[in-house]
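User: I have a model open and want to know what stands behind some of the labels used for it. Please set each value against its cut-off.

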Amino acid sequence: TAYCLLCISDVVKKQAKISALVIMIFFSILPTMKTTFGVSQLPPDVSPAWVNTLVWIRDNTPSQFDDPYAYYRLGLTEKPKYGIVSWWDYGHWIIYISHRVPTSNPANWGGSQGLYRFFLAQSIDDANAIIKDKDIKYIIVDREIVQGKFPFMIITIGLDPKDWQKYLPNSMAYRLYYGQVEGYTKVFEDGGIKVFEVEGVN
């Protein structure tokens, strides 16, 4: 559309440029209006339990910056005081509702080396090694991570998704969600979403 507008602006007379631009913009937007309106009417993806969890994080965890709204400034170079690990799907929710910086989000999930690998670790020692020296203070795990999302998580680190059931029982995600792990204290739970605090991180 932009290229077409450029070509038209070079061809038509100067007096007709504005009219031509208005017409082109109108016809480029019109076909998408129905779809855009439909999408705008969809209910939010964030469940009430997730909202409650993220509000709890916002209200009950320390700010990661001296200025609580520092993360919303463009060009921020200040490093957060601690990190929050969750599956990258939830990153934007954490930013928007909790006002906290997750280690990954849909725009920056870290590829095969992302800290979400913590959830796939097959031993507690391996999991601890992944977040060692990263100042990770909180871990968020939900039912979807240990059920619906786990096969895809396996793909991201190059393993065969057909084998996901073999890796699930020993995974750190499973250990946290269905039991207790030394060094990780559950500090909040709502509707299948659990927040753990990593002991020894200020």
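User: Why is glutamate 189 called partly exposed?

Analyst: In this predicted model, glutamate 189 has a relative accessible area of 41%. Buried means under 20% and exposed over 50%, so 41% makes glutamate 189 partly exposed.

User: What makes glutamate 189 and lysine 186 a salt bridge?

Analyst: Their closest N and O atoms are 2.6 Å apart. The cut-off is within 4 Å, so the pair counts as a salt bridge. Lysine 186 is partly exposed, at 43%. A search of the whole structure finds five salt bridges.

User: What makes aspartate 89 and lysine 149 a salt bridge, and where do the two residues lie?

Analyst: The closest N and O atoms are 2.7 Å apart, and the limit is 4 Å, so aspartate 89 and lysine 149 form a salt bridge. Aspartate 89 lies in the loop between strand 1 and helix 4, and lysine 149 in the loop between helix 6 (143-146) and helix 7 (150-156), so the pair ties together parts that are 60 residues apart in sequence.

User: Which label does each of these two residues get, buried or partly exposed?

Analyst: Lysine 149 has a relative accessible area of 18%, which is under 20% and therefore buried. Aspartate 89 stands at 28%; this falls between 20% and 50%, so aspartate 89 is partly exposed.

User: How many aromatic pairs are there, and why is the pair of tryptophan 50 and tyrosine 90 called tilted?

Analyst: The structure holds twelve aromatic pairs. The ring centres of tryptophan 50 and tyrosine 90 are 4.3 Å apart, within the 6.5 Å needed for a pair. Their planes stand at 40 degrees; stacked needs under 30 and edge-to-face over 60, so the pair is tilted. Tryptophan 50 lies in helix 3 (residues 48-60) and tyrosine 90 in the loop between strand 1 (83-85) and helix 4 (91-98), so parts 40 residues apart in sequence are tied together. Both residues are buried.

User: Why is the pair of tyrosine 82 and tyrosine 138 called edge-to-face?

Analyst: The planes of tyrosine 82 and tyrosine 138 are at 70 degrees, and over 60 counts as edge-to-face, so that is the label. The centres lie 5.6 Å apart. Tyrosine 82 is in the loop between helix 3 and strand 1, and tyrosine 138 in strand 2 (residues 136-142), 56 residues apart. Both are buried.

Methods: Residues numbered from 1 in each chain as written. Predicted model: local features only at pLDDT ≥ 70, side-chain atom pairs only at ≥ 80, totals over all residues. Heavy atoms only, no water. Phe/Tyr/Trp six-rings, centres within 6.5 Å; stacked < 30°, edge-to-face > 60°. Helix = DSSP H or I, 4+ residues; strand = E, 2+ residues; numbered from the N terminus. Buried < 20%, exposed > 50% of the residue type's maximum accessible area, 1.4 Å probe, protein only. Salt bridge = Lys/Arg side-chain N within 4 Å of Asp/Glu carboxyl O.
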